[in-house]
Each structure stands twice: as C-alpha cells, then as structure tokens.
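Student: I am new to this structure. Please pick out one pairing for me and look at it closely, then show me what lies around it and beyond.

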Amino acid sequence: MSNATEVNFDGLIGPTHNYGGLSDGNLASASNAGDVSNPREAALQGLEKMRAMMHAGLIQGVLPSLPRPSFDLLISAGFTGTDAQIIEAAANKAPAILKAAYSASNMWTANAATVSPSADTGDGRLHLTTANLSTMLHRSIEHTDTTATLQAVFADENRFAVHPALPMHSAFADEGAANHVRLCREHGAAGVELFVYGRDNAVASTNFPARQTLLASQSVARGHGLTEGRTVMALQAAAAIDAGAFHNDVVCVGARDALFFHELAFENTEDTLDSLKRAGEGLFELKPVMVSQADVPIEDAIRSYLFNSQLLQMPGEDRLVLVAPLETQETKSTRRFCDGMVSGNGPIGRVQYVDVRQSMRNGGGPACLRLRVVMTEAEREAAHQGVFLDDDRINALQNVVRGTYRDRLAPADLADPDLANECLTAREALLKVLDLSDLA
Ligand code: SUG
C-alpha cells in the first residue's frame, strides 16, 4: 500500500464570505463580527495556498462551496414568495437567520467529514462520515449538500463509503476531522485514529460550547469499522475550549508518527499519550512534540493559530513541514518557538507561512481549510477527476472568482437580492470548471 498518499481537499471559499459573528466560543468570529469582508480576496488567498501545496509536489484537491443563501433554511423559518421577497422579508424580520443562510462556513472542510483510509477500516474501503455540525445553526445546514458533494466525488461504492451525518441531536454533536487525528508510520500503512471529544454525551463542563461528543466519535469509529485496539478516544481540556479552542485542531495537529500539541490541549495528557503509544505498538513509534504554556501561552496559540497548521510530508524532505498562518510568524512567542523547533532535531524540520487572513478573521486557519484524505493510487483513479487541481484548473477557478465575486461585503449587503443571483452565477461557473455541474 506504499502508493497511498495524502490528498488535501481544500474548500473553495464562496462568494458570501462575511464576518457574521455566528460562532459562540470562536474568538476571531466574535471579535471581527460586522466588519466588511473581502470575498474575492478570500477565495484567491485560498486558491494560492492550494497552488503553493501543489507546487511543493503534493496532490491537491478542492471541494466546491455550497449553494448560498440556503433557501431551505429561510423557507423553514416561514418565509415565502419569490427569492427576492424571501430575502427582503428575512432581512427585515429575522436578520440573524438571513446571516446563517448566507454563511460561507462550508469553506472549512476540516469540518466536512471524518475520514478513515482503507488501510484502517474493516471492509477495506475508504470511509467518510459527513459531520452534522449540529451545535451552530449556520453550520447545521451544511451536511446535506456536503454529503451530496462527497457522494459525487467518491461515487464508486466498491472503494468508498460515504455515510450521511449522525442524528441532528446534541448527544451526537459531531464536527468531523477537526477533532480527529490519524497517526501511522507511512500514509498507506495501518494507523491509529485519535478522536478528541469535548463532552461525554449530554454533560458539558465548559462555558463555551463543546461541539463534539464521545457518542458521536464512537459512532463514527464504529461506522468506519475501525479496530478498537487501534482507536483512541481522548477528552479535550475544558481549559482549552474555554480559552477559545472550539475544535481540537486549534491546539493539536498530527501527521505520520508526530503529534504536535499544546500542553493544555487534553484533559489528561499522560493518559492520552500512553493510550496512543499502546495503540500504535508494532505500527510506529510515537513522536510527541508538546508546546508548554511557558513557551507559548494558550492565548497566543489561539490568536496565532500555531496548531491550526498543515503538517505535511513534502517530497524530498526528510522531516515534516508545518504550513502555518502568517499570524504565527507575527506573534512573538510562536515565532520564537518555531525558530527553535526547526533548529532542533525533532520530527518537524521546517515552517512555511501562508496568507489566509480573510479566513483567519473568522477563526479558520490553514488546517481548517482542508480535508485530508489518504488515498491509494487506485482510489485516486476511481474518484471524480475534476476536483484534482493543476495550474490550469486553479487559473480557471481564479478567473471565475475575479469575474463573479464581490470585492467587499458588508453585513447590510446580505439584504441585496442581487447578491443571491450573483452567487448562482458564480456557483454554476465554478461547478463547470470542476466538471460537477450535476450538483447545480
Ligand atoms: O465553525 N467559523 C468556523 C471556523 C471553523 C474552523 N474550523 C476548524 N477549526 N477546523 C466555526 O466556528 C464563523 C462564521 C461567522 O461568524 O461568520 C465560523 O463559522
């Protein structure tokens, strides 16, 4: 299985990217609420990150943005009439619902699904379970369209199993790969899957919402047919959630045999590491890289998004590369930590900084913007080809973005019925480039 590679499927940032202040417990979303956003710049930044990864020799995929506004949500809220009438009435009577319906939050594909490569699963297929994202209203409307997208991309049922979202109930709250880490010796080998949950079913001990339950993690692991001995469930520290780490990937990232995490990430660090070592026996030797609170206070980790980085095996490099947001370079403690780390001899040998500021201002760093899917060569061939990127396809997507996206979007612009038509035009053109027009 050594021909397996990790494919990163980034979310294409949609034309309604805006600062809605919709996510309680996400400090960036709260503090930038109401600011003017730049959807065109946001999408171009995202596509340039994809290009950089592709030029580094990695296989890069993309998932289209979902249709926005969600008229299903607006109609469920009782609005009727033509599209323009629905938008006008919602803007007057329920602006919060209109904001949710317009959210471009599906750009953060780390929350699209949890993925288990075929090397780990009971039936030898690659499994994906769409996340229900039930905790936040604006995100709870993503899963049906996300499942349709995943079914279109991973259609071959002999190789892929796409599971719909878990039940839409707080007991099953699931945020996908943002709370999931896979560790292994090499991508194609059997691995250990770490699921990090914020609460044990109904009981929450945090002030900010804990968006992942143990029951949800266990359900996904069962559905994927994972071996119990190779699966670890760990409780996220309440202190991390209350400091603003609404997903585990804000304080932890892992790749191959390396786990890079903050001292305050897990409720019980020692137990978590012991369990991972036990589960990995005979497969790999765990290399933990723990960042202390003394070196990087949790507030800095969350402001800079040090851990919300992509940790990548780049061709031709013997150590892993951390693809971190520019904010990590600009924050003193994290910059100092990174400089020290790469001059040591640990598993992370280089840090590359990328500009995803538009997404960052809503709490989404480089790691939020991608869904990792380890795929064998045969699986890559069986998947829908239109979502794999080369320079031509990136250029074509950027041309659509330049031609159809607004430069600026203020909260009041969501009331403009023209925006909905522009979104439709953009979506149709983007889907055409990806050869996914059936999703329109
Ligand atoms: O769910 N922000 C997203 C950010 C998701 C980040 N993903 C990962 N950590 N994997 C969220 O909180 C803000 C939208 C707004 O306020 O307009 C938002 O949904």
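Which side chain meets that of Arg357 in a salt bridge, and how many Å lie between N and O?

Tutor: Keep in mind that this is a predicted model. The partner is Glu330, and the N to O distance is 2.6 Å. Arg357 is partly exposed, because its relative accessibility is 31%. Why can such a pair form at all? Side chains of opposite charge can pair when their charged atoms come close.

Salt bridges can also share partners. One such network joins Glu48, Arg51 and Asp391. In total, the structure holds 18 salt bridges. Take the one between Arg51 and Asp391. Their closest N and O atoms are 2.7 Å apart. Arg51 sits in helix α2, residues 39-55, and Asp391 sits in helix α16, residues 391-404, so this pair links parts that are 340 residues apart in sequence. Arg51 is buried, because its relative accessible area is 12% and buried means under 20%. Asp391 has 29% relative accessibility, so it counts as partly exposed.

Asp300 and Arg303 form a salt bridge at 2.8 Å, N to O. Both residues lie in helix α11, residues 298-304. They are 3 residues apart, about one turn of the helix. Asp300 has a relative accessible area of 15%, so it is buried. Arg303 is exposed, because its relative accessibility is 53% and exposed means over 50%.

What does Val400 touch, apart from neighbours within four places in sequence? Its contacts are Tyr405, Ala426, Ala429, Leu430 and Val433. Val433 is 33 residues away from Val400 in sequence, yet the C-alpha atoms are 8.9 Å apart in space.

Next come the strands. Strands of a sheet pair through backbone hydrogen bonds, either parallel or antiparallel. Start with the open sheet of 3 strands in the order β12-β13-β14, where the pairing is mixed. The edges are β12 (310-312) and β14 (348-354); each has a single partner strand, so one side of each is left without a neighbour in the sheet. From one strand to the next, the twist averages 25 degrees. Strand β13, residues 320-325, runs antiparallel to β12, and 3 bridges join the two. Gln310 has Val323 in β13 as its bridge partner. Helix α13, residues 332-343, packs on this sheet and touches β13 and β14. The direction of α13 makes about 145 degrees with that of β14.

A second open sheet also has 3 strands and mixed pairing, in the order β6-β7-β8. Its edge strands are β6 (180-183) and β8 (231-235), and each pairs on one side only. With direction ignored, neighbouring strands here are turned by 20 degrees against each other on average. Strand β7, residues 192-197, runs parallel to β8, with 5 bridges between them. Leu194 stands opposite Val232 in β8.

Finish with strand β4, residues 126-130. Is β4 enclosed or open to the outside? Of its 5 residues, 5 are buried, so β4 is largely enclosed by the rest of the structure. In a regular strand the side chains alternate between the two faces of the sheet. For β4, both faces are covered. Leu126, Leu128 and Thr130 are buried on one side, and His127 and Thr129 are buried on the other. Two pairings of β4 can be followed residue by residue. Strand β3, residues 113-116, pairs with β4 in the antiparallel sense over 4 bridges. There, Ser116 has His127 as its bridge partner. Strand β5, residues 160-163, pairs with β4 in the parallel sense over 4 bridges. Here Leu128 stands opposite Val162 of β5.

Notes:
Residues numbered from 1 in each chain as written. Predicted model: local features only at pLDDT ≥ 70, side-chain atom pairs only at ≥ 80, totals over all residues. Heavy atoms only, no water. Pairing = 2+ DSSP bridges. Axes fitted to C-alpha atoms, helices over the stretch in contact; angles between N-to-C directions. Contact = heavy atoms within 4.5 Å. Salt bridge = Lys/Arg side-chain N within 4 Å of Asp/Glu carboxyl O. Buried < 20%, exposed > 50% of the residue type's maximum accessible area, 1.4 Å probe, protein only.
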